[in-house]
Amino acid sequence: MTWWRDAAIYQVYLRSFADGNGDGVGDIAGLESRLGYLRDLGVDALWINPWYASPMADGGYDVADYRAVDPSFGTLGEAERLIAAAHRHGLRVIVDLVPNHTSDQHPWFQEALRAGRGSPARERFHFRDGTNNWQSRFGGPAWSQVDDGQWYLHLFDSSQPDLNWDHPDVRAEFESILRFWLDRGVDGFRIDVAARLVKQVGLPDKRGLFEGVPTFEDADDEPDKDRPEVHGIYRDWRRVLGEYGPDRVFVGEIWVRDPERFAKYLRPDELHTAFNFAFLKCAWDAGALRAVIDRTLATHATVGAPATWVLSNHDVTRHVTRYGRKDSAFMKREHGVPADLALGVRRARAAALLSMALPGGVYVYQGDELGLPEVFDLPDELREDPVFRRTGGLDLGRDGCRVPLPWDGEEPPFAFGTGGSWLPQPPEWRELTAARQLGDPDSVLSLYRLALRVRRDEAALGDGGMRWLDAGPGVLAFERDPGFACVVNLTDEDIAVPEGEPLVASAPLAGGRLPADAAVWLRTAS
Ligand code: TEU
């Protein structure tokens, strides 16, 4: 079986993972120094957020050169050595491909600015003499004006001009970029904004506009989303990937609501996998989760693709915080909503066991394994996310889930590096450092290490089937072959545990009973 059907994949948000050169920003040297930690955590692969040359107007999702590594992260040579070193540690490497837009510093956009209106260089982007009503996903208008009066489209920041995917140069360039990184040994690509590359001809106005804070759930049939022509791009890319054998993989970032439309991206000649955002957004509620799980498995089965289980990433409020809220469903980033973090951690521990026990692949966002909460009280002047600026602070943006990791010690920067950290870490994270958690068998980190090991080596979870067990309202219980059960208690009271030998529990079983907001894995008689 191909590795990616059941892989545990760790998301490395590079500039916040570990800093090797003491400039306060995470980098490749820092990542390389921590590969042992990731191997021992028990994951199979890393997805590394963009490391390309970039002015960093959107944390590297504004790419100026797709074939170069940003100096703040290292060099191309270091990236090549990192890929080899990860492989030696038994870790595959997925890099992040950003095809919807470039940086405004990309040579093509600079050429387009110089070449002027009506020039072939402008046809690689969406330049117009007027605008439509589209809004940026980061807030504010989706159009900015250049000196000669023309406007260009940017679904994200004004520093991220959208590429015109009807242009043959754009198509050829990205196939060449794929080969560039495949030739350097990467095992796959995470595709940024994968549903939005193709825009409806004529760029007609939208019906649905948001007020203030963009939600993650705009309609599927908007003129800048899920256009049928986008599938042709992925068929072309799949052929390129296929030339490198069956072990290279695509994972799409596809915020498409309709399960059937979503599944189309996962047809056998398109992308291998996609993030399960329906699961990420779902409230901590047994009925809602069960419905999402059933829908996920049913839709993936129609195309033979493995499901993925995702709780957090670098764009959303950390799930420890979300699960500590009264309403734990996620639609948009909110601040000022109270969260009971102790409750959030309990639920996050249980959710980790749930996500790792389900059939398919599982993602761990850096810091999930430490139980980190969202950080809200960052000084405004240190916030870097363009979302903060473009929404006038209505949306605090994503910096709060991107605070550098606490590794060791009693004070910030907690061995993140020797030169501080680009965002300040809360002093109370001294309780949450990786080093401290390693010494505590009850820590979130110890739970992740145990569960990932059991998942891979003992229970052989991952791809395959599952059967629901009837455990009463508020309880999610299912079996997997051979002889495995997962029980998650989402009620307010402890419950009896079905027969079996406990393998991993997210909270101590008291008198053989499973507490509220806890989960247990059992070896059952098969
Ligand atoms: O995100 C795409 C996206 O639409 C959201 O996840 C985005 O964070 C949200 O709309 C903001 O309100 C991807 C990347 O994951 C994100 O980090 C980038 O900023 C974005 O694309 C642009 O490249």
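Reader: Hi! Which order do the strands of the open sheet have?
Author: Hello! In this predicted model, the open sheet of 8 strands runs S11-S10-S9-S5-S2-S1-S13-S12, and the pairing is parallel.

Reader: Nice. And which are the edge strands?
Author: Those are strand S11 (273-274) and strand S12 (308-309), and each of them pairs on one side only.

Reader: How many bridges join S5 and S9?
Author: There are 4 bridges between strand S5 (residues 92-97) and strand S9 (residues 188-191), which pair in the parallel sense.

Reader: Which residue stands opposite Ile94?
Author: That is Gly188 in S9.

Reader: Great, let's switch to the ligand. Where does the ligand sit?
Author: You'll find the ligand in the largest cavity.

Reader: How many residues surround the ligand, and which are the closest?
Author: The ligand is surrounded by 18 residues, and the closest are Asp58, Asp192, His314, Asp315 and Arg398.

Reader: How do the residues of that shell divide into nonpolar, polar and charged?
Author: The shell around the ligand has 9 charged, 6 nonpolar and 3 polar residues.

Reader: What about Asp58: how many Å is its side chain from an oxygen atom of the ligand?
Author: An N or O atom in the Asp58 side chain is 2.5 Å from a ligand oxygen. For Asp315, a polar side-chain atom lies 2.5 Å from an oxygen atom of the ligand.

Reader: And which residue has a polar backbone atom 3.4 Å from a ligand oxygen?
Author: That one is Arg137, through its backbone.

Reader: Last one: how much of the ligand's area does the protein bury?
Author: The protein buries 99% of the 490 Å² that the ligand exposes when taken alone.

Technical notes: Residues are numbered from 1 along each chain as its sequence is written. This is a predicted model: local features need pLDDT of at least 70, side-chain atom pairs count only at pLDDT 80 or more; totals for chains, interfaces and linings use all residues. Side-chain values use heavy atoms; hydrogens and water are left out. A residue is near a molecule or strand if one of its heavy atoms lies within 4 Å of it. A polar contact is a pair of N or O atoms within 3.5 Å; within protein, one must be able to donate a hydrogen and the other to accept it, and residues adjacent in sequence count only if both atoms are side-chain atoms. Accessible areas come from the Shrake-Rupley method with a 1.4 Å probe; for residues, only the protein chains shown count as cover. On a 1 Å grid over the protein atoms alone, a cavity is a set of points where a 1.4 Å probe fits but cannot get out, and a pocket is an open set with protein on both sides within 12 Å along at least five of seven lines; lining residues have an atom within 4 Å of a point. A molecule sits in a cavity or pocket if more than half of its atoms lie within 2 Å of its grid points. Ala, Val, Leu, Ile, Met, Phe, Trp, Tyr, Cys and Pro count as nonpolar, Asp, Glu, Lys and Arg as charged, and the others, Gly among them, as polar. Two strands pair if DSSP finds at least two bridges between them. Helices (H or I, at least four residues) and strands (E, at least two) are DSSP runs, numbered from the N terminus.
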